[in-house]
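Me: I have a model open and want to learn how to read its features one at a time. Please give the general idea and then the case at hand.

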Amino acid sequence: MAAFESKQILCYVGSYTDEQNQEGIRLYAFHPEQGELTLAASYHDLPNASFLALNEARTVLYAVSETETYNGSFGGSAAAYAIEAGTGQLTKINQQPTDGAAPCYISLDQTNRTVLVANYSSGNVAVYPIEAGGALGVHTQVVKHEGGLGPQADRQEAPHAHSIVPAPNNRYVISADLGLDRLIVSQLDAERSLLLPHGEAAMKPGAGPRHLVYSADSRYVYAINELDSTVTVLGFDADAGTLTALQSISTLPDGFAGESTCADIHLSGDGRFLYASNRGHDSIAVYAVDRLGGTLSVVGWQATLGQTPRNFALSPQGDYLLAANQNSNSITVFAIDAETGMLRETGQTAAVPLPVCIKFL
C-alpha cells in the first residue's frame, strides 16, 4: 500500500465482533478538510478488540480481546501489532493471556516499558513488560481488586476493573473499579513492571467509576461514573499519590428521565474543555474547565446522531470529535468550536460495525 497523503490522518477503530462482522480492528484514513473517514484495511485476527493503545513512537499498537476464554483457558487476551511507517498497516507481533475475563482497557506507562490491562468481569488488572520490538512479555503480575461492593446489586455484585491509567509523572497508576465505587491508586515500579499498593479514593455509592483523565499539570483527575451519570473532579497530589473529591456534576440535562449510562471522557488539548459520553441520552456533554480550581461548568450537549456512543476521540489538532456509536454501527464526525468547545454537525458519518474505541495515529 502506498503512503497516504500528508493531509490525511490515520486512525484505528477497535470493535466488537460477531458472526457477521469479524473484523476486530480497522484502519481508516481521516480527511480533515472534509471530516471524512475512509476504510484502508481491516483485520480478522482479534475478536472483540474493545480497547486500543499506542506507544509513544507510534510504532506499536496494543489491543485487548474482550473475551471470557483464550486458547481454551479462562480469561481474555492482549495483543501487540507492529505499525508499518507511512501506511499504518498492522502485523501481529504476539498475544498474551490476561488471566482475567473480559479485558476492557489497555494503557502504557510513560516510559513505554510496561503495559497495563483492566479485566472487567474478573475485577483484576494485569501488568506486562514490553520486550524488544514491542512484544508483550509474560505478565509479571495480576492484581485482584478487593473491598466493599457498591449498592447496585445488578451491576456491582463483584469488583469490576474498568480502566487503568498511569499518572503523567509515572509514579502512580489509578484504576477505576465500577463494582467497588473506588479509584484504586498503586505505585508503579516501571523498571520491574510491578504495581505496589498505595491508596484509594471512595466515590459516591452507586456511582460506578469507569474511565478517567488527568489534567496536563497533574493537579486534577476527572472520573466519569457509568451508573449515576456524573463526572467527579478530584484534586490530585502527584507527589503523594492522593486524591481529594472537589465536585460532582451530572452528564445529563435537567429533566431527562430516561435510562442512560456514561462511557468515555476526554480533555481538549488546551485543557479548556472536557467531553463525556452518554449512552441512552446518546450525547456528548461539553464542559468548560476552570483553569484555577479545576471545576466544571456545563456548556451544553450534542446528540451523537447514533445509538450508544461508547467511546470517542479528539483529532490530533483538536478540531474534530469522532463518536463511536456502538449500537447503530456508525462513527459520527463533529467539528469543535475552538472558542466555545461546542460541537457542530459535519454531515459525515461512517458505517462501522459495532465500533468501540478510536485511536489516532
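Me: Which residue in the turn of the hairpin formed by E28 and E29 has a positive phi?

Reply: This is a predicted model, and in it that residue is Gly-341, with a phi of about 85 degrees. Six residues lie between E28 and E29 in this hairpin. The strands themselves, E28 (residues 330-336) and E29 (residues 343-351), run antiparallel and are joined by six bridges. One of the pairs is Ile-336 with Leu-343 in E29.

Me: How many residues lie between E26 and E27 in their hairpin?

Reply: Five, and Gly-318 in that turn has a positive phi of about 75 degrees. E26 runs antiparallel to strand E27 (residues 320-325), with four bridges joining them. Phe-312 has Ala-323 in E27 as its bridge partner.

Me: How many residues of strand E26 are buried?

Reply: Start with the general idea: in a regular strand, side chains alternate between the two faces of the sheet. In the case here, strand E26 (residues 309-314) is mostly covered, six of its six residues being buried.

Me: Which residues have a positive phi although they are not glycines?

Reply: Arg-58 is one, with a phi of about 60 degrees. Arg-58 sits in the loop between strand E4 (52-54) and strand E5 (60-65). Ala-102 is another, at about 55 degrees, and its place is the loop between strand E9 (90-97) and E10.

Me: Is Ala-102 buried or exposed?

Reply: Ala-102 is buried, because its relative accessible area is 5%, under the 20% cut-off. Arg-58, at 36%, is partly exposed.

Me: What is the strand order in the open sheet of four strands?

Reply: The order is E10-E11-E12-E13, and the pairing is antiparallel. To find the edges, look for strands that pair on one side only: here these are strand E10 (103-108) and strand E13 (141-144). From one strand to the next, the twist averages 20 degrees. Inside the sheet, strand E11 (residues 114-119) and strand E12 (residues 124-129) are paired antiparallel over six bridges.

Me: What does the side chain of Asn-170 reach?

Reply: For a buried polar side chain, list its polar contacts. Asn-170 is in the loop between strand E14 (161-166) and strand E15 (172-177), and at 10% relative accessibility it counts as buried. Its side chain makes a polar contact of 3.0 Å with the side chain of Asp-109. A polar atom of the Asn-170 side chain also lies 2.7 Å from the backbone nitrogen of Gln-110. Leaving out residues up to four places away in sequence, Asn-170 touches Asp-109, Gln-110, Thr-111, Leu-188 and Ala-190.

Me: Where is Ser-277, and which backbone atoms does its side chain approach?

Reply: Ser-277 is in strand E23 (residues 273-279) and is buried, at 0% relative accessibility. Its side chain reaches the backbone nitrogen of Asp-264 at 2.9 Å. The backbone oxygen of Pro-309 is 3.4 Å from a polar atom of that side chain. Beyond its neighbours within four places in sequence, Ser-277 is in contact with several residues, including Ile-224, Cys-262, Ile-284 and Phe-312.

Me: Which residues touch the most other members of the largest nonpolar core?

Reply: Ile-25 and Leu-183 do, in a core of 70 residues. A second, separate core has 17 residues, among them Leu-37, Ala-313, Val-333 and Val-352. As for Ile-25, with residues up to four places away in sequence not counted, its contacts include Tyr-12, Val-13, Leu-46, Leu-61, Tyr-81 and Leu-90.

Definitions and conventions: Residues numbered from 1 in each chain as written. Predicted model: local features only at pLDDT ≥ 70, side-chain atom pairs only at ≥ 80, totals over all residues. Heavy atoms only, no water. Core = buried A, V, L, I, M, F, W, Y, C linked by side-chain atoms within 4.5 Å. Buried < 20%, exposed > 50% of the residue type's maximum accessible area, 1.4 Å probe, protein only. Contact = heavy atoms within 4.5 Å. Helix = DSSP H or I, 4+ residues; strand = E, 2+ residues; numbered from the N terminus. Polar contact = N/O pair within 3.5 Å; in protein donor to acceptor, adjacent residues only side chain to side chain. Pairing = 2+ DSSP bridges. Axes fitted to C-alpha atoms, helices over the stretch in contact; angles between N-to-C directions.
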